[in-house]
Amino acid sequence: MARQDLTQIFNDIIERAKSLDPANTRKWFDELEVVHLDGGALLIAADDNNKVQFLQDNCTRTFTLAAQQVTGHLVTVDFRTNGQGRNSLKSDLPTKQRFKLHPDYTFDNFVVGPSNRLAQASCVAVSQSPGDTYNPLFIYGNSGLGKTHLLHAVCHGAREKHNNAVIEFLSCEEFVNRFIRAIEQGNSSGFQNQFRSVDVLVIDDVQFLSDREQSQEEFFHTFNALYNNGKQIILSADNCPSDIPALEERLISRFSWGLVTRIDPPSHDTRVAILKKKAHIRGIEISDDIAEYIARKVRANIRELEGALTSLQALALTKQEDISLELAKAALGDEMLTAAKNTSITDIIEVVTQHYDVRLADLQSKRRSQSITLPRQICMYLARNLTRHSLEEIGGHLGGRDHTTVMHACSKIGKAEHDDPQMHATLSELTRQITQTK
Ligand code: ADP
Ligand code: MG
């Protein structure tokens, strides 16, 4: 195949993948390179290990489906680094990284506002000179306010600045599980060496230590060993040390030796800025009035803000429209939220199976005849629009189908609703019946 054709096909695949799963689309998809596409295998290169990891974890199915749709053949998809980025790991680098860093969770992508300014500044300081400034650094706040993001950012920053530093990042749950496994295998000294020889130890969600006495004891010794050697310790939790239930006094006091800093819920302006940033990362731009509208609707936590953005993207895709304020209102409007609270997938399935005179077992079966496929896809589409269930959950109710199948159904039925007046009328009638049964 000529290189030019290959590039064109690859671009088509990327565009298709973007429209199949906009929430996992990233602006940097445009920098991906095709290594080869032959013998039914597509190999794609990214410039950085974290990106490869992100693609493997979140995009394999979507890219596979996209490649099959574009080429019309069965294709397997794989990812690797092209070794050009700053963070691509060559095997001879001293910092062999055992953990995954999310490529989105950098300082650049973190919006600073009054609610998180101190936490962000202390994380930057620590990433620049680990062990020298605040030790330990303890960040706490409610769920979804950016603690994990900041901890990843510290690791990204420290790795860039201190190429040789040995960094270990893990959730507290993982720490506890590894500890328990080491004891079971009679290898507690191996466990101790692994953690006590690092330069920077980052542990997320240390409230997990609550009520776990033996793990607290081990953590205490790890902490002391690192601290006494001037190594950096960074911790996060949902509460300040003294408010973590059933945590030993000696740990509470040690956690408070350095800097303890809180993240508060973001202000309106910060929420607006975060939305715009998140949209930008996904390769779309949203206008101020749309960001303002969403930020007023969704106040509680930032994960929900991102969820709102995903709903908006999904609706734009199913309706085949550009993102607009009208669409944002439709995606998050009061009617929608009320419907979402009251409607269950079971209601939808009941109305659709009656209308098409099919059985639930047929919808959940593997049958692919049009008489079954259409009602099944309509169920998926309506569940996506009328409930707040995730794509995975919707697929789960309909015979364990994966999220890309649901995405595909939504975009197909959405297009039909737009193009075919008959389908439009049917969907309106079904929606009326579903919401009226409440
Ligand atoms: P926590 O660990 O506190 O529960 P996370 O770090 O997982 O929260 O954050 C939830 C989501 O919100 C992530 O996608 C993260 O990128 C995003 N987020 C939180 N705070 C910010 C911020 N200030 N700027 C940009 N994104 C943010
Ligand atoms: Mg977290």
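Reader: Ground rules before we start?

Author: This is a predicted model: local features need pLDDT of at least 70, side-chain atom pairs count only at pLDDT 80 or more, and totals for chains, interfaces and linings use all residues. Residues are numbered from 1 along each chain as its sequence is written, chains are lettered from A and ligands numbered from 1 in the order in which they are written, and side-chain values use heavy atoms, with hydrogens and water left out.

Reader: Which domains does the assignment give for the chain?

Author: Domain 1 (3–81), domain 2 (117–262), domain 3 (268–333) and domain 4 (345–436). The bounds come from an automatic or database domain assignment.

Reader: What separates the centres of domain 1 and domain 2?

Author: 36 Å, taken over C-alpha atoms.

Reader: On to helices. At what angle do α15 and α20 pack?

Author: About 130°, with the axes 9 Å apart. α15 covers residues 345–356 and α20 covers residues 421–436. Helices here are DSSP runs (H or I, at least four residues), strands likewise (E, at least two), numbered from the N terminus. Axes are lines fitted to C-alpha atoms, for helices over the stretch in contact, and angles run from 0 to 180 degrees between N-to-C directions.

Reader: What does that make α15 relative to α20?

Author: Oblique, because of that angle. Under 35 degrees counts as roughly parallel, over 145 as roughly antiparallel, 65 to 115 as roughly perpendicular, and the rest as oblique.

Reader: Left-handed or right-handed crossing?

Author: α15 passes α20 in a right-handed crossing. A crossing is left-handed if the near helix is turned anticlockwise from the far one by less than a right angle, and right-handed if clockwise.

Reader: Which residues make the contact?

Author: From α15, D347, I348, V351, V352, H355 and Y356. From α20, T426, L430, Q433 and I434. Contact means heavy atoms within 4.5 Å.

Reader: And by class?

Author: The contact of α15 with α20 has six nonpolar, three polar and one charged residues. Ala, Val, Leu, Ile, Met, Phe, Trp, Tyr, Cys and Pro count as nonpolar, Asp, Glu, Lys and Arg as charged, and the others, Gly among them, as polar.

Reader: How does α19 pack on α20?

Author: At an angle of about 110°, with the axes 5 Å apart. α19 runs over residues 403–419. α19 and α20 are therefore roughly perpendicular to each other. α19 passes α20 in a left-handed crossing.

Reader: Which residues meet there?

Author: I413, A416, E417 and D419 in α19 meet P421, M423, H424 and L427 in α20.

Reader: Where do α6 and α8 stand?

Author: Their axes come within 10 Å and cross at roughly 100°. α6 is residues 172–184 and α8 is residues 213–228. They are therefore roughly perpendicular to each other. α6 brings F175, V176, F179 and I183, and α8 brings Q214, S215, E218, F219 and T222. By class, that is five nonpolar, three polar and one charged.

Reader: Switching to T62. What is in contact with T62?

Author: A17, L20, D21, H403 and T404, leaving aside neighbours within four places in sequence. T62 is in helix α3 (residues 60–71). At 3% relative accessibility, T62 counts as buried.

Reader: And G157, where does G157 lie?

Author: In helix α5 (residues 147–161). G157 is buried, with a relative accessible area of 14%. G157 and G230 are 73 residues apart along the chain, and their C-alpha atoms are separated by 19 Å.

Reader: Backbone now. Which peptide bond is cis?

Author: The one from N135 to P136, with omega near -5°. P136 is in the loop between α4 (117–128) and β4 (137–140).

Reader: What about the phi of D205 and A246?

Author: D205 has a positive phi of about 65° although it is not a glycine. D205 sits in the loop between β6 (200–204) and α8, and is partly exposed at 29%. A246 has a positive phi of about 50°, again not a glycine. A246 is in the loop between β7 (232–237) and α9 (249–255). At 44% relative accessibility, A246 counts as partly exposed.

Conventions:
Buried means under 20% relative accessible area, exposed over 50%, partly exposed in between (1.4 Å probe, protein chains only).
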